[in-house]
Amino acid sequence: NEAPDDMYPQPVNMMCSRSLYLAVACFLCCIGSSIGFAPVKTVAGARSTNIQQLESSYRSNQQLLPKHLPGPRQPTLIYNGNPSKSLTSKVNKNKHKIAALAIVLAGIGFTAYPSPCFAASSILSGLTDGERIVVIIAHYLAFPACTLAMYALYKKMDIIQQRIYSPFTLMVGLVCIQLGLAFEMGNHHYTTDWGLKIAKTDLINGSFGFFTFGGNKINAIALKKKGVPLLRCPDFSKGIINGLVDLVAIIGDLFLLIATIIQPLLYVMLGRAGSNSVSILSSTVAGVFTLIRLWQHLGPNTYTFWGGTLFFVLVLSGVGFNVLYSMICVEFLHVAIGGSFVGAMIPFTIALWNAELPGPTDVDSGEVIKGVVG
């Protein structure tokens, strides 16, 4: 069997695509390092702030006492809060660095990802029977993983519907991901015997890409802030920085929406390899938005932070293993590629399960005031 022609893109086209991706990555990195994440106060965060203010007031009063007079016995401040709050405090102090790092990783993800340019199929090592079983099991694990995420959404619906743009759209996105995985498994079984060495441009493969990539982009849009419309003018009333963040969110959401709608057309016109270049770029943007929105729009707390971060890291791991496969052509890496994308649903579910309401000072007419990325 010979690989289709669209699997061997011209070097010039690959260089141009990578240059474009690098430029976009640098632009996003500049925005992220300049703006960072604007935190949303929660009830737990407000309590932590009150304790810090109490400690600061106590130290100020002690400095006013004469040093030669024995002061009263210093009371011990007892803090019975969650130990994880100290980690959250450190995260807030380094929010700009985290923002820059997350978007730099995004840039690395889609600049390093080449269009598949594999060696001839004759030198690729195929799967053994045992390896094939492991790969199949790894793919089927996606269904319980996505079902668990849907269950977390169901259990936390009373909170999540007060925090994000559309819980129903989020549910649709999770269903789309599972449909995409079903098409993917059919494509693997009937076309490549669960390998990756031959990728055809056909209806099954195109449906796999549409539902899988589209589901992730739909989820990113669904996690927008409650009460913020999709089509709106950027709000510069709170300063230029906040206005620019709002503008980036508006452009990003429209880009994700348009990319989802036109993906079937791109697949027909450009084939699998050509349309994947656009899909990978849009999915990377969706990954960055999902990271930020899981953290901020469902929390912020330690669980939503690590849920969003690990979701994005695992997605990038899947991309990285795909790059590694293109270099060493070992078919068993398929289990690591699929496992990374399936595993990303676990931290996603953890973030949903730990959604919490914002503090009373942060809500105005149903809209969270201090948030990020729309």
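Reader: Let's start with Asp-253 and Lys-224. Are they buried or exposed?

Author: Both are buried: Asp-253 is, and so is Lys-224. Keep in mind that this is a predicted model.

Reader: OK. What does Asp-253 form with Lys-224?

Author: A salt bridge. The closest N and O atoms are 3.6 Å apart. This pair links distant parts of the chain, 29 residues apart. Asp-253 is in helix H10, while Lys-224 is in the loop between H9 and H10.

Reader: Why would two such side chains pair up at all?

Author: Side chains of opposite charge can pair when their charged atoms come close.

Reader: Which ring does the charged end of Lys-224 sit over?

Author: The ring of Tyr-165. The charged end of Lys-224 is 5.4 Å from the centre of that ring.

Reader: How many salt bridges does a search of the whole structure find?

Author: Five. One of them joins Arg-132 to Asp-193, with 3.2 Å between the closest N and O atoms. That pair also links distant parts of the chain, 61 residues apart. Arg-132 is in helix H5, residues 129-140. Asp-193 is in the loop between H8 and helix H9.

Reader: Why does Arg-132 count as buried?

Author: Its relative accessible area is 16%. Asp-193 has 40%, so Asp-193 is partly exposed.

Reader: Which residues are linked with Arg-132 in a network of salt bridges?

Author: Asp-129 and Asp-193. Together with Arg-132, they make up the network.

Reader: New topic: rings. How many aromatic pairs are there?

Author: The count comes to eight aromatic pairs. One of them is Tyr-140 with Phe-143, a tilted pair. Their centres are 6.1 Å apart, with 45 degrees between the planes.

Reader: Why is that pair called tilted?

Author: It comes down to the angle. Planes under 30 degrees apart count as stacked and over 60 as edge-to-face, so 45 degrees falls among the rest, called tilted.

Reader: What kind of pair do Trp-295 and Phe-305 form?

Author: An edge-to-face one. The centres are 4.8 Å apart, and the planes are at 65 degrees. Trp-295 lies in helix H10 (residues 240-298) and Phe-305 in helix H11 (residues 302-328), so the pair ties together parts 10 residues apart in sequence. Trp-295 and Phe-305 are both buried.

Reader: Which residues do ring pairs link into a cluster?

Author: Tyr-151, Tyr-154 and Trp-353.

Reader: Where does Gln-178 lie?

Author: In helix H8, residues 167-192. Gln-178 counts as buried, at 13% relative accessibility.

Reader: What about the outside? Which residues make the nonpolar surface patch of about 790 Å²?

Author: Leu-257, Ile-258, Ile-261, Ile-262, Leu-265, Val-268, Met-269 and Leu-270. Leu-265 is placed in helix H10. Its relative accessible area is 52%, and exposed means over 50%, so Leu-265 counts as exposed.

Reader: Zoom out for me. How many helices and strands are there?

Author: The protein has 13 helices and two strands. It has 374 residues, and 44% of them count as buried. The protein exposes about 19,100 Å², with 67% of that supplied by carbon and sulfur atoms.

Reader: Last one. What share of the contacts with a separation of 6 or more comes from residues 24 or more positions apart?

Author: Those residues account for 82% of them.

Terms used: Residues are numbered from 1 along each chain as its sequence is written. This is a predicted model: local features need pLDDT of at least 70, side-chain atom pairs count only at pLDDT 80 or more; totals for chains, interfaces and linings use all residues. Side-chain values use heavy atoms; hydrogens and water are left out. Rings of Phe, Tyr and Trp (its six-membered ring) pair if their centres lie within 6.5 Å; planes under 30 degrees apart count as stacked, over 60 as edge-to-face and the rest as tilted. Helices (H or I, at least four residues) and strands (E, at least two) are DSSP runs, numbered from the N terminus. Buried means under 20% relative accessible area, exposed over 50%, partly exposed in between (1.4 Å probe, protein chains only). A charge sits over a ring if NZ of Lys or CZ of Arg is within 6 Å of the ring centre and within 35 degrees of the ring normal. Patches are made of residues with over 30% relative accessible area and no salt bridge: like charges are joined within 9 Å, nonpolar side chains (Val, Leu, Ile, Met, Phe, Trp, Tyr) within 5 Å. Accessible areas come from the Shrake-Rupley method with a 1.4 Å probe; for residues, only the protein chains shown count as cover. A salt bridge is a side-chain nitrogen of Lys or Arg within 4 Å of a carboxyl oxygen of Asp or Glu. Contact means heavy atoms within 4.5 Å.
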